[in-house]
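The following note was prepared for a colleague who wishes to review the model before further work.

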Amino acid sequence: INEDGVESQIPATIQIKIRRPFWTQWWFMLACVLLGILLFRWWNRRSLAQLAHENELEKHAILSELTALKSRMNPHFLFNGLNSIQAYISRNDTRSASRFLGKFAHLTRMILEMSGDDFVPLAEELKALELYLEIEQSRFEKDFHYKIHCPTELLESNIRVPALLIQPYVENAIKHGLW
């Protein structure tokens, strides 16, 4: 009905279209899934980075401990070795002094080379230990006997151990076992 009161022949219609809420739309759901995936990846990477950082700190602490152990061992051993050479020289035993000095120099070189590495092959560690024991045995005038037993498959393998790991324990065993 218009303002004059005349009724229209075709009724007027209004078309109202109600859309679904945006949170039920496919694009919003896809965006939420992608956001969830991104948040999970961010959290996962952050956790892995934190774990890697903790592992790095732990590795650094272990290497610092190993370095401290090496620095405690080297001066003590060097001092004892030089005292033994001095004893041979004062007794006029130049042959023993020369043999001892050769072994001592070889072991000193091995120790210096190994101290630059964090890990060395097991065979190399055992060679240094053998040389150390020979020196100690001659220093104590063969008051003790030793035997190193290691299966050949271990020596031939790629097993790496912390450099100069075994020697301090053997040194303590000799020191406390013979004195």
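1. How much accessible surface does the chain have, and what percentage of that surface belongs to carbon and sulfur atoms? In this predicted model, the accessible surface of the chain amounts to about 14,000 Å², and carbon and sulfur atoms contribute 60% of that area.

2. On overall dimensions, the radius of gyration of the chain is 39 Å, whereas a compact globule of 179 residues would have a value near 16 Å. The C-alpha trace spans about 140 × 30 × 25 Å along its principal axes.

3. As to secondary structure, the chain contains five helices and two strands. Read from the N terminus, these elements follow the order α-α-β-α-α-β-α.

4. Among contacts in the chain with a separation of 6 or more, 72% are made by residues 24 or more positions apart.

5. On the cysteines, the structure holds zero disulfides. Cys150 has a relative accessibility of 19% and therefore counts as buried, since buried means under 20%. Cys32, by contrast, counts as partly exposed because its relative accessibility is 41%, a value that lies between the limits of 20% and 50%.

6. On charge, the chain carries 20 positive and 21 negative side chains. The centres of these two sets are 4 Å apart.

Technical notes:
Residues numbered from 1 in each chain as written. Predicted model: local features only at pLDDT ≥ 70, side-chain atom pairs only at ≥ 80, totals over all residues. Heavy atoms only, no water. Disulfide = S-S within 2.5 Å. Buried < 20%, exposed > 50% of the residue type's maximum accessible area, 1.4 Å probe, protein only. Helix = DSSP H or I, 4+ residues; strand = E, 2+ residues; numbered from the N terminus. Rg over C-alpha atoms; globule rule 2.2 N^0.38 Å. Contact = heavy atoms within 4.5 Å. Areas by Shrake-Rupley, 256 points an atom, 1.4 Å probe, with all protein chains shown as cover. Lys, Arg positive; Asp, Glu negative; His and termini not counted. Charge placed at Lys NZ, Arg CZ, Asp CG, Glu CD.
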